[in-house]
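Keep the viewer open and follow along.

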Amino acid sequence: MSGYSKEEVIGKNGRAFQGPGTSRRSIIEIQEAIQEERTIQTILLNYRKDGTPIWMLFHMSPVFSKEDGRVIHFVAVQVPMSRKPRRSGSGPGRDEVCEDGCRSRDIVFGSCRREVCSDSVLELERLLAFESLFDSDNRDDEEPREASDQEKRRAAAAVNNILSLLTHYSELTGKLVCEKRCTLSGIGLLGASLIISLGRIKQSFVLTDPHLPEMPIVYASDAFLKLTGYARHEVLGCQCMFLSGVDTDPSTLSQVKESIRTEQACTVRILNYRKDRSSFWNLLHISPVRNASGKIAYSVWVQMEEGCGYQDAQGLSPEMRQRSAVGAVKVAVRSSSMGAGPSKS
């Protein structure tokens, strides 16, 4: 359809297919759908490699992680459109079959991930064999008619087929995905942009939501999972005190609860327990996190095992490393709440 080879497309942004006639309004609609993590259908003018324009019905849907409900892919389907319906007797209809056995209009698909390209998505090419056949009605930039209900249904059906295959692949890899957001009931959802920003922070930490009963954990870093031995789905929704055990000092727990009640930062040395019930001394720092409007959106809990690397390669003390992590979390939350993504109030 586009005239590009696979090597010229993989890793490129969709802007590579836009041109002088591409509607800015359509691009903004797509960007807003990405930020709001929702499905969109719109008519879009793109350009082939040789510079010729092509009108298409663009259908994009998010793909969610079944583990924590975050968006990990977007799947986009393009249905080529003619400027006007075919006249009777002028050739095969849009859904009629040509003599060579392929359909006169077909569907082209693509998939992208926010962080990186996914090799598993490329495997779909082996299962989805789409032939493309275009006529001269498609080769100028005159605005087409409105998309028909049939074209809209075909685009939606193609996305559903691709999502089914992605779900199948995810079952084989163990990283389950779904077409609707799957998350624990009652837990606030973080926007994908915030999750990506938090994922860049290497320290062990969790975010809790102070506006919900029991202040459940709504985000856990990879370093926290490594430190405690828990999987992410075992942590999300839990109260952060779940790491406490029989020998945890009650007075330390009271100090933590008081800092939360007064919305003040605190640092304590507390005995915690991993999933395998082995204990460790945790240098725990807790701090409220405010959004761009100045209201407390989350609490961040930064953990550091006592005796493990008291100074890092840069010579930073544990206290400095914890403050650095808290600062990075605060910047990520404020930046996210100033954007179009969801924010806490």
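Which strands each supply at least two residues of the lining of the largest cavity? They are strand E8 (266–273), strand E9 (279–290) and strand E10 (296–303). Before going further, some housekeeping: this is a predicted model, where local features need pLDDT of at least 70 and side-chain atom pairs count only at pLDDT 80 or more, while totals for chains, interfaces and linings use all residues. Residues are numbered from 1 along each chain as its sequence is written, and side-chain values use heavy atoms, with hydrogens and water left out. As for the labels, helices (H or I, at least four residues) and strands (E, at least two) are DSSP runs, numbered from the N terminus.

Back to the cavity. Rolling a probe the size of a water molecule over the atoms shows where empty space is left. A cavity here is a set of points, on a 1 Å grid over the protein atoms alone, where a 1.4 Å probe fits but cannot get out, and lining residues have an atom within 4 Å of a point. Searching the whole structure turns up two cavities of 30 Å³ or more. The largest cavity holds about 70 Å³ of space; a volume is the space filled by probe spheres set on the points, with grid points joined across faces, edges and corners. Among the residues lining the largest cavity are Cys-240, Met-241, Leu-253, Ile-270, Asn-282, Trp-301 and Gln-303. By type, the lining has seven nonpolar residues, four polar and no charged.

Eight of the eight residues of E10 are buried, where buried means under 20% relative accessible area, exposed over 50%, and partly exposed in between (1.4 Å probe, protein chains only). What does E10 pair with? Two strands count as paired if DSSP finds at least two bridges between them. E9 and E10 are antiparallel partners over six bridges, and in that pairing Pro-288 has Ser-299 of E10 as its bridge partner. These two strands make a hairpin with five residues between them, and Gly-294 in the turn has a positive phi of about 90°. Strand E6 (residues 204–208) also runs antiparallel to E10, joined by five bridges, with Val-206 opposite Trp-301. Trp-301 is also one of the residues in the cavity lining.

E10 turns up again around helix H5 (residues 192–199). The buried residues of H5 are Ala-192, Leu-194, Ile-195, Ile-196 and Leu-198. Their cover includes strand E3 (71–80), E6, strand E7 (217–220), E10 and helix H9 (318–338).

E3 leads us to strand E2 (residues 53–65). Because 13 of its 13 residues are buried, E2 is largely enclosed by the rest of the structure. Both faces are covered: Trp-55, Leu-57 and His-59 are among the buried residues on one side, and Met-56, Phe-58 and Met-60 are among those on the other. E2 pairs antiparallel with E3 over nine bridges, and Met-56 sits opposite Pro-80 of E3. Eight bridges link E2 to E1, again antiparallel, with Tyr-47 opposite Pro-53. E1 and E2 form a hairpin with five residues between them, and Gly-51 in its turn has a positive phi of about 90°.

Is Arg-38 buried or partly exposed? At 32% relative accessibility, it counts as partly exposed. Not counting residues up to four places away in sequence, Arg-38 touches Glu-29, Glu-32, Ala-33, Met-60 and Pro-62, a contact being heavy atoms within 4.5 Å.

Finally, zoom out. The chain has nine helices and 10 strands, and 44% of its 345 residues count as buried.

How values were computed
1 Å grid on protein atoms, 1.4 Å probe; cavity = no way out; pocket = protein on both sides within 12 Å on 5 of 7 lines; lining within 4 Å. Nonpolar A, V, L, I, M, F, W, Y, C, P; charged D, E, K, R; others polar.
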